[in-house]
Each structure stands twice: as C-alpha cells, then as structure tokens.
Amino acid sequence: MTDASGLVPAANMKVDGERLWDSLMQMARVGPGVAGGNNRQTLTDADAEGRALFRRWCEDAGMTMGVDRMGSMFMRHEGAEPDLDPVYIGSHLDTQPTGGKFDGVLGVLSGLEVIRSIRDMGITTRRPIVVANWTNEEGTRFAPAMLASGVFAGVLTEDYANSRTDADGRRFGDELDRIGWRGDEQPGARRIHAMFEYHIEQGPILEAEGKQIGVVTHGQGLWWLQVTLTGKEAHTGSTPMHMRVNAGLGMARIIEAVHRIAMDHQPDAVGAVGQANVWPNSRNVIPGRAVFTVDFRSPDLSKLNAMRARLEEEAPRIAAELGLGIKIEPVGHFDPVTFDPGLVEKVRNAAERLGYSQMNIVSGAGHDACWINRVAPTVMIMCPCVDGLSHNEAEEISPEWAEAGADVLLHAVLDAAEVVD
Ligand code: HGY
Ligand code: MN
Ligand code: MN
C-alpha cells in the first residue's frame, strides 16, 4: 500500500469523501443556527451533544478517549509502537453563535476520516495517531479564543481559564462541570510528535487563485483589547448637548479610529470591533457605559504592536475630549506564528503527490495550532471556502474541496506517523 520508496503513501490512497461529507452534515444538525449554519457554542448542551456524537463515532472506529481538565478530547488510534509520541490531528467542534458548518469541524471530522480510512486500507503506522477536539477555540462565549489549547501550551493557567465568564456571568469552570466534560488529565502532559490542523481558509485567497490546497507557512498575530468607557446616563431629550457625557459617542469615535489605525498600517494589517455593548441600552437614555473589544491582527509583529500602541494613545485622548473615563485591558494575544518547515514540506509533498493545486498561505484567523506550535512541531492545511466567507451561517465549501484537503491530511499524517505495512 505504499509507493516504491516504501516510506510514503501511494498516490492512490484516498479518504472516503462521501463518508466525510455525511459526517459533516450529521454534525451540522447538532446545535443548528437559524439560517443554515450552527450555534454550537462552547460548553453549551449543544456542545455536549456534539462531543458525545464525535466520541461515539471515534469509539466505533476502535479509538480510545482521554480528556484533560480543560475538557479537550483526545481520541487515540493505536500504532505498532505505542510508546512513541503520537501524531496529532486537532481542531475544534465549538462554533460562533452564527457560525458555519465547517469552521473547526472540518479538521476534527477529517481527523476521524483519516483513521476510518487507515482502518479500511489495513494500514499500520509506527506511531499512534490522536484526533483532538480543543475546548473553546472560538473565544466568543468565553474570551480569549483558543483557551484550552493555550492552557495546554502553558501560556494560560487553568485558574485563569476556569474563571472566565460569559455575558450572563457564568464561569467557564462551572459550565465545564455542568456538562460533565472535565477530564482528569493534566493539560499539557501529553507529548506530541507533530500536530496537523486542517481548516477552511476563512478568507478569499485560495478560491480567487483557483488553488485546492493552502500550505500554511505562518499565522497572523492578534491583540484583543477590551475598552470600557464610563460616562453619565441622562435623558436623550431634555439634556442639552453641551452637558452630555456620552459613552456611546466615545465608542463610535474609537471604532472609527480602529479602522483608521489598521488602514495606516497596510498592507498586512486588519482591525475591527465585533463585540460592543452599551448600558442601559435604552432608546431614550444617553449611554453611561460602553464596553467593546478591539481586534487587531498582522503577520508582522512590529505592526501588530504599533497598532496597539496607537490605540492606547488615541483612545484616551478621545475619552478625555468627551469627559469619559476609560479602561483598556488586553483580553487576548498571540504573536505571529511560523509553522514547522519540515511539516510544511510534508504537506507540500502530499499535495504534489496527489496532484492537487497548492500555494503557500498565511492564516488570517487564529487557530489552536498557533498555540500548540509552541510545544510541538505544528502545521496547518487549508481548503478554499466560497467567497472567503466564514463566521457567518452562509459559510460554504464544496465536497470536492473538503475531500482534497482530507487526502492531503491523510498523506501528510501517514508520512509523519510512518507506515509500517
Ligand atoms: O478569532 C479567530 O481567529 C478564531 O476564529 N477563533
Ligand atoms: Mn476555527
Ligand atoms: Mn472560528
């Protein structure tokens, strides 16, 4: 089942694309959205249901489960030499509140498909292979993103993670216990020989370039800065304009500044505010308080930090002009990432061997791979998505795109795990 060299998979070894697509569509029925996508937010009952389905599928494929104290799931397929550090395939099953059917899920279920295909073809690898579902990749219900993989990588503490609260004040730790998915493994105790994350691009490049495979060499860095503005609630009708201390106006001016700062750092810099709340959020009350999160990203560390510095200089000035109190707190950060060159080569070789068109790409979004890259050789594989759309219920990929990326994942993982027969 291998080619002449005996070291890498033969080009005709493929996954079962129909089975993969069917699994994706079945998982999409768990925690459905309202417009064809998903709302399977982390540590909700829908997340618990998705976890149970994934576990059942993996156990049906002969895999055994381990879970760490952050709820990250590790489904193990045995190798010929069980004591060797396994090859990991990881991503996430949690979604945005108006998420798509493929963000994260494609990588986890393609990992399962790799194991199903290995079993179908009767292949044995030297190394075990583990398929991981990292808890709370999205960071939408509990900031920051990539929370459990950050704890695994030793960048965040368990106490910090357990203490994170959602908009209703519920604690991450309490919700993890409530759904019964806190395991007993020490996060980060597992040794990883190599980790692969297969993910939709979530951007327009691969589709526009007509490429089937993105060989991800780097990932953007990120700053999430939570801004709290304090003004004075007052009547929107009877309060003269010169007497207003309007937190909503301050937020609007700072949001405009975020866009301008990102534009001032082109190319390769982005900035936006996606989460914003005003209090009391009443039609006829001037907002006395505004809380919103700034999202800056760049593959260039100096640009990333320069954008943060510009905001920390401009936002207080805007607040002072309006008589507002201001607090700026970092609530999420990781530096730009360079993935493992040796694994990048394995992905590129796999795509070439399979005859899929490919190009190098930098990941615009953050991923668990960005943290795991700090503790083990890591790489990502990407497939196109329609119009580059993601974090939107209309997120769409083609079954052909899904399959091609999963074929590359199969070959690259077998290369790393070493086929023994
Ligand atoms: O924010 C991100 O880039 C990822 O989707 N959590
Ligand atoms: Mn994702
Ligand atoms: Mn996402």
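Q: Is Asp 47 buried or exposed?
A: Buried means under 20% relative accessible area, exposed over 50%, partly exposed in between (1.4 Å probe, protein chains only). Asp 47 is buried, at 2% relative accessibility. Keep in mind that this is a predicted model, where local features need pLDDT of at least 70, side-chain atom pairs count only at pLDDT 80 or more, and totals for chains, interfaces and linings use all residues. Residues are numbered from 1 along each chain as its sequence is written, chains are lettered from A and ligands numbered from 1 in the order in which they are written, and side-chain values use heavy atoms, without hydrogens and water.

Q: Which side chain meets that of Asp 47 in a salt bridge?
A: Side chains of opposite charge can pair when their charged atoms come close. A salt bridge is a side-chain nitrogen of Lys or Arg within 4 Å of a carboxyl oxygen of Asp or Glu. Here the partner is Arg 51, at 3.3 Å, N to O. Arg 51 is buried too, with a relative accessible area of 1%. Helices (H or I, at least four residues) and strands (E, at least two) are DSSP runs, numbered from the N terminus.

Q: How many salt bridges does a search of the whole structure find?
A: It finds 29. One of them joins the side chains of Arg 19 and Asp 120 at 2.8 Å, N to O. This pair links distant parts of the chain: Arg 19 is in helix H1 (residues 17-28) and Asp 120 in helix H3, 101 residues apart. Asp 120 is exposed, with a relative accessible area of 55%.

Q: Which protein donors hold the manganese ion (ligand 2)?
A: Donors are N, O and S atoms within 2.8 Å of the metal (3.2 Å for Na, K and Ca); water is not among the atoms, so sites may look incomplete. For ligand 2 they are His 92 (NE2), Asp 103 (OD) and His 199 (NE2), 2.1 to 2.3 Å from the ion. Along the chain their spacing is H-x10-D-x95-H. His 92 is buried, at 0% relative accessible area, and Asp 103 is buried at 4%.

Q: Which residue coordinates both manganese ions, ligand 2 and ligand 3?
A: Asp 103 does, and the two ions are 3.5 Å apart.
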